[in-house]
Amino acid sequence: MAVQVELFLQTLIAGILLGGLYALIGIGMTLIMGVMKIINLAHGELMMVGMYIAFWLFTLLHIDPYISVFVAAPLLFILGIGLQKFLINPVLKVESILPENQVILTVGIGMVLANLATIFFTSNYRSTPVAYATKAFYLTDYWKNSPVDISLSFSWALSFLIAVIITVMLWFFLTRTDTGKSIRATAQDLDAALIMGVNVGRMRAATFGIGCALVGAAGCLFLPIYYLFPALGGQFTLIAFVITILGGLGSTNGAIIGGVILGIFESMTATYLGMGWAPVGRFLIFVAALVFLPGGVASLLRSKKLGK
Amino acid sequence: MKKNLPIIIILILLTVLPLVGLSSYMMHILVLVIIYSMIGMAWNLLGGYCGQVSFGHAAYFGVGAYTAGLLYSKLGVSPWWGLILSIVVVTAFSLVIGFICLRLRGPYFALATLAMGEVFRVVAENLVKFTGGDVGILIRERTWVVKTWYYYIILLLGIGTFFIVKKVIESKLGYYFVSIREDQDAANSLGINTTLYKTIALCLSGALTGVAGAFYMNYMGYIDPKVVFALHDISIVTIMVVMVGGVATYWGPTIGAIIMVFLAELIRSNPSLGVAHQTLFGILLIFIIIFLPNGIVGDFPKLRKLFRLGGTPT
């Protein structure tokens, strides 16, 4: 019995830690979706770019992946603004039969990024052998008579902590600064924001940049606990999308909760059904959200007067 | 009669083409062109005319292929029966997929179908007892060694698809589809049951793709989840075929398939370019979307004008 409880708690904790990181990926996508009304299908590939930046900084200059957050995030910000300015904006202006052209465009961007990574860095699986990779905390070390023993990996905990810090900082940015408020205004009503004197074009570029920077930061945080290969983008794009649907489209608070739910659900399927089924579990929760809760968690929050 | 003359000429040309004595490799490429144009036409029905952009057509293709493959490996029946059975099976799957995904609109539908395609692949990989997992299905005895008969069968299927799509689009159904694409709410308010017609479009499109998948199983003799449920090589190439050729045009998917398949072969046969084929495809996709958003057929007047300005006086 104790073993079962232990396994369950351990899975739950792993799920929450994973969920915190997922939330960071999801927020980036939901921000872009809210403000620009487009889905960025290159999201996972941008995360892959962030991971490679951190990986090479570690391999060549021995910079810790957690410090590379400060390098990768600004670089991804610039890359995001460039993509927005030179590729996405021109397409928004083009007249065509299908309005989904921008989505297909981001697929194209993702393909190019993933393939370029394969060409330049080969398709080998890589990981960063950080010194603290095997370090962990044990519950019994702190509480001698604990009935169950739970371990907490140092790098997982640190990644989670930084993800939370970034999320809180983003929350302050969006609610307390002028730029943040302008971004939220643009998301709510583009025309009204324009009339109020918000530079909508600049806000859109900034949002795309911030979304990319967030996912780049998430990539750096994932690097010490995950492995890296060029094709990893696709699965993270899907994860980000599932989180956005689960959380409610364009809702930042929803994305956080959605990320945690998905993280817990995924580690549960991995523990009790097997690793290979994790993508199916991910999809089941996605279908369940669509069928039973079409507005996502955000609609629940709204009906309880908790969210904005 | 006069209106149909070009079609008849093309049909005759296609029928006598194998008699010229093309190499086996050339025949293989022709078969691939027709397979992709068939999937492209099916995609066009749903994406181009009904406006529901699907990123998961590999799901239907794969289910069709696995229907034929499992008939052979589990029941010992000739996989050719899969061509007929796959229509039923894929339609059933399409109904389920439609029930879930058609609640979403626009880009959200696109992503949901993308997830669908991936899930089918993962399920096929993990249900080892049923599908054989990553080992795949191999048909040991091929029906023909020469490719001529395969060519005629797929040609027949391709022509059938072309006329089915044409008939559907010219009927009342086609007008419903286009009205849904242009404005779903307006269509709804005019009394069109949008959910029903979107489901019809999805089932038709899925079934046609499934038949192509079943043929693929018979033709290639080997499938595994990574081949038939491939996101890039099936789902996205399908979209590219239609985007390059022309969205919502009859000939677009065929033109697109010719260009894409020949381009792919050209790139892959060049060793230094081979590794970069996805980059080149991606750049082509970006280029097409920015400069020719309606494809070669759709933007033909624009292209003609461009070349006239280019200095060839006509």
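Here are a few questions and answers about this structure.

This is a predicted model, in which local features need pLDDT of at least 70 and side-chain atom pairs count only at pLDDT 80 or more, while totals for chains, interfaces and linings use all residues. Residues are numbered from 1 along each chain as its sequence is written, with chains lettered from A and ligands numbered from 1 in the order in which they are written.

Reader: Is His62(A) buried or exposed?

Author: Let's find its place: His62(A) sits in the loop between α2 (43-61) and α3 (65-93) of chain A; helices here are DSSP runs of H or I, at least four residues, numbered from the N terminus. A residue is buried with 20 or more other C-beta atoms within 10 Å of its own, exposed with 12 or fewer, and partly exposed in between, C-beta atoms being placed from the backbone. His62(A) has 7, so it is exposed.

Reader: And is Ala248(B) buried or exposed?

Author: Ala248(B) lies in the loop between α12 (231-245) and α13 (252-269) of chain B. Because 23 other C-beta atoms are within 10 Å, Ala248(B) is buried.

Reader: What is the phi of Ala248(B) near?

Author: Good one! Most residues other than glycine have a negative phi. Ala248(B) is a residue other than glycine with a positive value, near 60 degrees.

Reader: How many of the 19 residues of α2(A) are buried?

Author: Helix α2(A) is largely enclosed by the rest of the structure. That is because the buried residues among its 19 number 15.

Conventions
Helix = DSSP H or I, 4+ residues; strand = E, 2+ residues; numbered from the N terminus.
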